[in-house]
Amino acid sequence: LLIQPPGDLVYHLIVLFAIEAALGLSIVRARRSGWAQRLRAVAVTAAMLLLLRLTLMIVALLALQGIPPDVPLNTALTPPLERAIDLISLGFLAWAAVPLIHRRASGLALLIVNTLAVVIAYFVLAPQWQALSAASNSYYPGSAQETIWQTWSLALAALVAVVALPARTEARVLTSVCFALLAAGHALQLLMPTTATHAAGWVRLAQLAAYPMFVLIAWQLTQVEEAPALAQPIELGAPTTLQIDQPVWQTLGAIQNVTRGDDLALALQQVAVPLAAAVRADVLAIGLGTNTDHSIELVAIHHPGAAPLPGASFQLDRQPNVKRALERRRPIAISVNESTPELIELFGLLGSFVPGPLLIMPLLGPERPLGVALFGNPTSRREWTASEVDRAQTLTNHLALALFAVQQRQALTAQLDEVRGQLRAVEADANTRRQSLENALKNAQAEAQRASMQLAALAKLQDALSAQRGTDEARVQQLAEERAQLELVAQERQAEIERLTKLQNGLDYQLREAQRLITQLQDQTRSPEAESPTETAAALAHQHEVIASIVQELRTPMTSITGYTDLLLGESVGILGAMQRQFMQRIKANIERMDGMLNDLINVTAIDTGALKIEPEAVNVPEVIQDTVMSAAPLFSERELSVRVELADDLPRIQTDRDNLHQIIKHLLYNAALCSPGQSEIVVRAQLPPDMPDFLLVSVTDNGGGIAPEDRQRAFHRLYRADHPLVQGLGETGVGLSISKTLVEAQGGRIWVDSEMGVGSTFTFVLPIHSNHHLELAA
């Protein structure tokens with residue numbers, strides 16, 4: 001009935017009429033009592049719902065007429081549009097019906113966010129549904145988009161139904177029931193969607209029950225803040241001539257006392273009694289505006305039959321007639337024949353449980369209202385005559401002038417107190433400054449006295465300096481002579497450094513000659529002209545003796561150079577400059593390097609002659625690695641390199657030759673240091689590989705740029721670098737890596753290299769933890 005023509009037209013008309021009724025109700029009540037906050041919320045909500053429903057009806061009518069002919073509106077655009085309009089309408093209904101939402105700025109923000117989110121969701125989902133509906137004959141209920149819309153709407157409606165219950169309004173139960181019905185409709189549509197149609201049948205049924213209830217909610221929400229039905233304001237003209245009688249004289253006398261006394265509340269209470277008698281009012285209250293300008297405080301209340309306490313206040317938004325009288329600056333008389341919430345509240349503040357005719361007299365100042373005088377007849381229920389209104393207006397005008405004078409006096413008194421305070425502050429500041437000046441004068445006098453004493457002391461010091469000048473000149477002469485002597489010592493040190501440098505160059509030459517001789521001997525050894533193994537062994541022995549003799553001859557001057565270098569670096573014979581110390585450190589580093597090269601010669605000779613001995617023992621690997629790194633520290637410092645050592649926990653002792661292990665690690669470190677650029681890092685690692693628990697794995701990683709794949713197999717060939725071009729990515733001389741390979745393999749291990757071009761190389765070797773090697777390496 002609600003999802004197919006013409007039943008759906010009946011649904012649209014009923015919902016539209018309910019919205020129009022709520023809008024008309026809010027407009028009528030606003031014209032009678034002003035646009036209060038709730039009225040504005042109801043009117044805005046009804047107008048927005050009316051606009052959305054008219055839009056939906058227009059689209060539906062265009063779909064029935066087939067306009068435009070190329071777009072099926074009833075299947076492509078109308079289904080998601082109807083869900084989006086239902087969801088936006090839910091948000092506005094919640095904002096208007098729940099005071100907790102529309103009285104807070106955050107409530108308006110949530111409404112805007114929900115509306116924008118719905119609009120964005122529609123423009124995202126509508127094109128998708130248009131494409132889907134064109135490709136198939138599916139219906140919107142039961143689709144994924146329908147689930148999104150109904151879940152969203154169900155969550156919002158259920159949340160508002162729960163939030164509306166704690167509100168202290170008469171409409172809270174009706175509001176909660178209304179949104180519970182809407183939530184039930186969305187839940188049924190989500191669980192049991194209608195078939196063979198694009199409309200949401202369960203949602204429409206729930207709206208038919210809930211939207212007329214919204215009219216009742218709007219009526220209850222706006223009932224308290226509207227003006228009473230019979231309380232039509234009567235605007236009065238200017239007052240006529242005042243008839244003087246005893247109550248009037250007493251009132252004028254009490255008004256004069258207002259300007260003379262200091263207690264304003266007491267003075268106004270004394271005015272209230274004769275003023276009520278002069279106007280023949282049962283009760284009278286005099287209220288003054290507060291600092292917020294949105295409320296009135298009843299300072300004085302006259303009620304013969306009760307004793308209400310002064311000081312009560314009320315908000316102007318809850319008393320629109322009082323607010324209108326103050327805004328228009330005109331008195332208003334109200335005739336009431338029935339009890340209304342507005343008058344019940346106001347007369348309750350005056351101490352009366354029964355309302356009656358009310359006369360509102362604004363107390364006007366030159367620029368803004370000062371307060372209001374409320375005359376009421378709750379006991380006699382007598383209507384106000386024109387003469388009583390004129391008399392009340394004249395007397396309240398006098399009272400307003402007195403109140404304005406009191407305000408002016410209070411303002412002048414406050415200004416006078418402020419000026420007095422400023423004068424006291426200026427006087428205190430002047431006293432402070434005078435005291436400061438006196439203290440400054442005393443300090444200046446004391447400073448002058450100290451200055452005179454200092455002048456006398458300076459005179460004595462000048463005499464003493466004159467006497468000491470001769471002694472200082474002699475001291476300067478002595479220092480000049482000592483400086484000359486130091487310069488001579490420095491020149492001698494520089495000459496000694498040059499001599500050591502030349503001696504080092506000579507040693508380098510001798511070393512190169514020794515290497516050439518070794519090469520010749522090796523060539524002779526490999527020569528095919530060797531006649532027998534006996535002659536070959538003799539030649540190797542002769543080679544070993546020659547190399548040992550050369551090494552011994554080289555070590556003698558090197559020992560002398562090392563001794564002199566340590567003596568100079570220890571500054572035992574004089575202080576070195578920074579540049580001189582740097583030169584000496586380079587000399588020492590090169591001497592140590594030459595010593596290592598000599599050891600390499602001995603090792604090579606021992607390997608070739610079969611004299612290499614391996615003596616295994618229990619070795620602490622971390623200790624050997626750290627000692628080796630420390631021994632290579634001068635080379636690292638010279639090349640500005642850093643070393644990072646990564647040792648696995650609980651490394652066991654291994655059975656190996658300690659000196660050979662030291663030689664292996666040293667050659668790998670020297671190779672890494674010589675090929676790595678400055679400011680880079682060398683990494684040394686030692687661990688037990690999981691797949692080889694009986695072996696120790698040690699690796700040295702450099703940043704030398706890597707070794708080409710075709711050169712990696714030749715990195716450990718001893719004679720490769722002598723007979724062929726240099727291998728890029730290596731820093732060793734060609735002997736150290738060969739020695740390392742021989743020493744590793746002699747102890748049952750293996751060594752290899754992994755390299756990445758453009759990055760660096762990692763030299764890795766493994767040694768058995770338990771070794772039985774105790775032999776001499778055969779030639």
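Me: How many of the residues of strand β7 are buried?
Reply: 7 of its 8 residues, in this predicted model. Strand β7 covers residues 369-376 and is mostly covered.

Me: Which way do β2 and β7 run, and how many bridges join them?
Reply: They run antiparallel, with 6 bridges between them. Strand β2 spans residues 283-289.

Me: What stands opposite Val372?
Reply: Gly287 does. Val372 is the residue on the β7 side.

Me: And β6 with β7, parallel or antiparallel?
Reply: Antiparallel, over 7 bridges. Strand β6 is residues 358-364.

Me: What joins β6 to β7?
Reply: A hairpin, through 4 residues.

Me: Switching to helices. At what angle do α10 and α11 cross?
Reply: Roughly 165 degrees, and their axes come within 8 Å. Helix α10 is residues 246-260, and helix α11 is residues 264-279. That angle makes α10 roughly antiparallel to α11.

Me: Is that crossing left-handed or right-handed?
Reply: The crossing of α10 and α11 is left-handed.

Me: Which residues meet there?
Reply: From α10, Pro247, Val248, Gln250, Thr251, Ala254, Ile255, Asn257 and Val258. From α11, they meet Leu264, Ala267, Leu268, Gln270, Val271, Pro274, Leu275, Ala277 and Ala278.

Me: How many of the residues in that contact are nonpolar, polar or charged?
Reply: The α10 contact with α11 has 13 nonpolar and 4 polar residues, and no charged ones.

Me: Now α19 and α22. What are the angle and the axis distance?
Reply: About 145 degrees, with the axes 9 Å apart. Helix α19 runs over residues 658-675, and helix α22 over residues 736-746. α19 passes α22 in a left-handed crossing.

Me: Which residues of α19 and α22 meet?
Reply: On α19, Asn660, Gln663, Ile664, His667, Leu668 and Asn671. On α22, Gly736, Leu737, Ile739, Ser740, Leu743 and Val744.

Me: How does that contact divide by class?
Reply: The contact of α19 with α22 has 6 nonpolar and 6 polar residues, with no charged residues.

Me: Zooming out. How many helices and strands are in the protein chain?
Reply: 22 helices and 14 strands.

Me: What percentage of the chain counts as buried?
Reply: 42% of the 779 residues.

Me: And how much of the contact set comes from residues 24 or more positions apart?
Reply: 72%, taken over contacts with a separation of 6 or more.

Key. Residues are numbered from 1 along each chain as its sequence is written. This is a predicted model: local features need pLDDT of at least 70, side-chain atom pairs count only at pLDDT 80 or more; totals for chains, interfaces and linings use all residues. Side-chain values use heavy atoms; hydrogens and water are left out. Axes are lines fitted to C-alpha atoms, for helices over the stretch in contact, and angles run from 0 to 180 degrees between N-to-C directions. Helices (H or I, at least four residues) and strands (E, at least two) are DSSP runs, numbered from the N terminus. Angles under 35 degrees count as roughly parallel, over 145 as roughly antiparallel, 65 to 115 as roughly perpendicular and the rest as oblique. A crossing is left-handed if the near helix is turned anticlockwise from the far one by less than a right angle, and right-handed if clockwise. Contact means heavy atoms within 4.5 Å. Ala, Val, Leu, Ile, Met, Phe, Trp, Tyr, Cys and Pro count as nonpolar, Asp, Glu, Lys and Arg as charged, and the others, Gly among them, as polar. Buried means under 20% relative accessible area, exposed over 50%, partly exposed in between (1.4 Å probe, protein chains only). Two strands pair if DSSP finds at least two bridges between them.
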